[in-house]
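The structure is shown first.

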Amino acid sequence: MKKNIVLLDLMIYVALPLFVWNIMRDYTGDYYAMLLSSVPGIIYTIYRFIEMKKLNTFGLFILFTLIVGTLIDVLAGSSIQLLWNNVYYAAGISLFFLVTMIIGRPITLYFGLDFAELQGYDRAFSKRLYHKKPLYILFQLITLCFALRSGILAIVKTWLIMEYGVEAFDKGIILRQAFSWIMTGVTVAGFFYIGKIIKDSPHLVKEVQDELHEENTDAV
C-alpha cells in the first residue's frame, strides 16, 4: 500500500468520486450523488487513520476534519448548499491554521512532533528543539502554506460555484486533490529542510541538551 499511496489517493479521492457522481446523479439526483461520492474517501481515510495505530495531534486533526466534513455534507440538505458549505469549511480551516500561528502554536509543529515520536525520538526533547528560532520560523511558514491552501481553495470554489453552479462539484474534486498533493510536497520539503538544519546545527541539539540537563538538576 505504501508503495502505491499516490495511485490509491488518485483512485479513492478523485476517480471513484467522479465515477459515482457522474453515474448516480441521473438516478438519485445531484445532492445524494454528492453524498455517495464522498463514501469511498471517508472509508479510506478511516482506514488510514486506523493504520497509524496511535492517537496523536495529527490523528485527531484528521479525525476531526473527517467528522466535520461529513456532517456539513449530510446536513446541507441540497446540492448547491453542500457546495457552499464546503466553501465555508475551507475558509474555517484556513482561519484555524492562522489562529494557531497567531497564538504561537503552529499546528504543523505538533504534526512534526508526532512524526518524530513515531521515529523513536523523545517528544519533550523534540518540542524544545523545534521551538528554537530557525526551526520555529519554518514551522510557522509551513502552517501559513496550509492556511493559504485552504483560503485559496475557498476562493476558487466560490468562483466555480458562481460560474458553473452544481456542475462545479467535479471540478472541485480535482482541484482539492491537486491542492492536497501540492501541500504534501511543500510539507515534505519543509520537514526535510528542518531535518537538514538540525543535522547541520549540532549546537542547537547541544543547547537543548544543556537546558534539559540544567532543569533536571534544578528539580533534584
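## Order of elements

From the N terminus on, the elements of the protein run α-α-α-α-α-α-α-α-α. The model, which is predicted, holds nine helices and zero strands.

Of the 220 residues of the protein, 40% count as buried. Contacts between residues at least 6 apart in sequence were also sorted by separation: 72% of them join residues at least 24 apart.

## Packing of helices 4 and 7

The axes of helix 4 and helix 7 come within 8 Å and cross at roughly 160 degrees. Angles over 145 degrees count as roughly antiparallel, and helix 4 and helix 7 are therefore roughly antiparallel to each other. The crossing of helix 4 past helix 7 is left-handed.

## Packing of helices 5 and 6

Helix 5 and helix 6 have axes 10 Å apart and pack at an angle of about 140 degrees. Helix 5 and helix 6 are therefore oblique to each other. The crossing in which helix 5 passes helix 6 is right-handed.

On the helix 5 side, the residues that meet helix 6 are L109, Y110, G112, L113, D114, A116 and E117. Their counterparts in helix 6 are R123, S126, K127 and Y130. For L109, leaving aside neighbours within four places in sequence, the contacts are Y130, H131, Y136 and F139.

## Nonpolar cores

The largest nonpolar core has 23 residues. Within this core, the residues with the most contacts are F97, L109, Y130, L135 and I194. At least two residues of the core come from each of helix 4, helix 5 (107–118), helix 6 (123–130), helix 7 (133–164), helix 8 (168–200) and helix 9 (202–219). Helix 7 supplies the largest share, seven residues.

A second, separate core has 19 residues. Among them are Y31, A76, V166 and F179.

## Aromatic pairs

How many aromatic pairs are there? With ring centres within 6.5 Å as the cut-off, the count comes to 10 aromatic pairs. One of these is the pair W84 and Y88, with 6.4 Å centre to centre and 25 degrees between the planes. This pair is stacked, because planes under 30 degrees apart count as stacked. W84 and Y88 are four residues apart in helix 4 (residues 79–102), so about one helical turn separates them. W84 is partly exposed, at a relative accessible area of 24%, whereas Y88 counts as exposed at 53% relative accessibility.

Y130 and F139 form a tilted pair, 4.9 Å centre to centre and with 50 degrees between the planes. Both of its members are buried: Y130 has 10% relative accessibility, and F139 has 0%. Y130 is also one of the residues with the most contacts inside the largest core, and both Y130 and F139 are in contact with L109. Elsewhere, F61, F96, F97, F111 and F146 form one aromatic cluster.

## I42 in helix 2

Which helix holds I42? I42 lies in helix 2 (residues 30–52).

I42 and L66 are 24 residues apart in sequence, and their C-alpha to C-alpha distance is 7.1 Å. Not counting residues up to four places away in sequence, I42 touches L66 and T70.

## N85 in helix 4

N85 is found in helix 4. Is N85 buried or exposed? At 14% relative accessibility, N85 counts as buried.

Once neighbours within four places in sequence are left aside, N85 is in contact with I72 and A76. A76 is one of the residues of the second core.

Technical notes:
Residues numbered from 1 in each chain as written. Predicted model: local features only at pLDDT ≥ 70, side-chain atom pairs only at ≥ 80, totals over all residues. Heavy atoms only, no water. Phe/Tyr/Trp six-rings, centres within 6.5 Å; stacked < 30°, edge-to-face > 60°. Buried < 20%, exposed > 50% of the residue type's maximum accessible area, 1.4 Å probe, protein only. Core = buried A, V, L, I, M, F, W, Y, C linked by side-chain atoms within 4.5 Å. Contact = heavy atoms within 4.5 Å. Axes fitted to C-alpha atoms, helices over the stretch in contact; angles between N-to-C directions. Parallel < 35°, antiparallel > 145°, perpendicular 65-115°, else oblique. Left-handed = near helix turned anticlockwise from the far one by under 90°.
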